[in-house]
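I opened my notebook today to record how the pieces of this model pack together.

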Amino acid sequence: MNEFFRDYLRHVYKRRVGHSRCWNPEWWRVDEAVVRLESLWRAWEFLRQDASTGTSIWFRDHADHHMNALMDADGPFGDSLAETGWGDPLPHTEPPEGLFPDIRE
């Protein structure tokens with residue numbers, strides 16, 4: 001799941017952080033973030049197989065919903081001091097090794 005966030009989501013879902021949006025580079029320390037991001041990852045793995053509208057459905061029904069909840073100033077990262085500029089990927093600090101085992105094996 002970390003791979004999904006690190007290599008994909010943080011680069012695709014770019015938002016300016018530190019103004020009206022919040023993000024914690026150590027998102028993996030926050031239970032709500034882990035559950036929501038895992039939900040996004042699992043939905044992505046399913047919906048990306050639908051070549052017609054899967055990606056659109058994923059953004060509309062999943063990414064926008066969960067990311068808005070996570071990035072809200074009253075959300076779980078409301079006390080984070082992280083900032084990004086326009087077009088920067090979301091901040092990310094690598095989690096401890098072994099925190100997210102590869103379940104594909």
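I began with helix 1 and helix 2, which are roughly perpendicular to each other, a label for angles of 65 to 115 degrees, where under 35 counts as roughly parallel, over 145 as roughly antiparallel and the rest as oblique. Their angle is about 70° and their axes are 11 Å apart; axes are lines fitted to C-alpha atoms, for helices over the stretch in contact, and angles run from 0 to 180 degrees between N-to-C directions. Helices here are DSSP runs (H or I, at least four residues), numbered from the N terminus.

I noted that this is a predicted model, in which local features need pLDDT of at least 70 and side-chain atom pairs count only at pLDDT 80 or more, while totals for chains, interfaces and linings use all residues. Residues are numbered from 1 along each chain as its sequence is written, and side-chain values use heavy atoms, with hydrogens and water left out.

Next I looked up which residues touch, contact meaning heavy atoms within 4.5 Å. Phe4, Phe5, Tyr8 and Leu9 of helix 1 meet Leu37, Leu40, Trp41 and Trp44 of helix 2. By class, this contact holds eight nonpolar, no polar and no charged residues, where Ala, Val, Leu, Ile, Met, Phe, Trp, Tyr, Cys and Pro count as nonpolar, Asp, Glu, Lys and Arg as charged, and the others, Gly among them, as polar.

For the rings, my search of the whole structure gave eleven aromatic pairs; rings of Phe, Tyr and Trp (its six-membered ring) pair if their centres lie within 6.5 Å, and planes under 30 degrees apart count as stacked, over 60 as edge-to-face and the rest as tilted. The rings of Tyr8 and Trp44 are stacked, because their centres are 4.9 Å apart and their planes are at 25°. This pair links helix 1 with helix 2, 36 residues apart.

Is Trp44 buried or exposed? I found Trp44 buried at 13% relative accessibility, whereas Tyr8 is partly exposed at 24% (buried means under 20% relative accessible area, exposed over 50%, partly exposed in between, with a 1.4 Å probe and protein chains only).

The rings of Tyr8 and Trp58 are tilted, with centres 6.4 Å apart and planes at 55°.

Note on methods: Helices (H or I, at least four residues) and strands (E, at least two) are DSSP runs, numbered from the N terminus.
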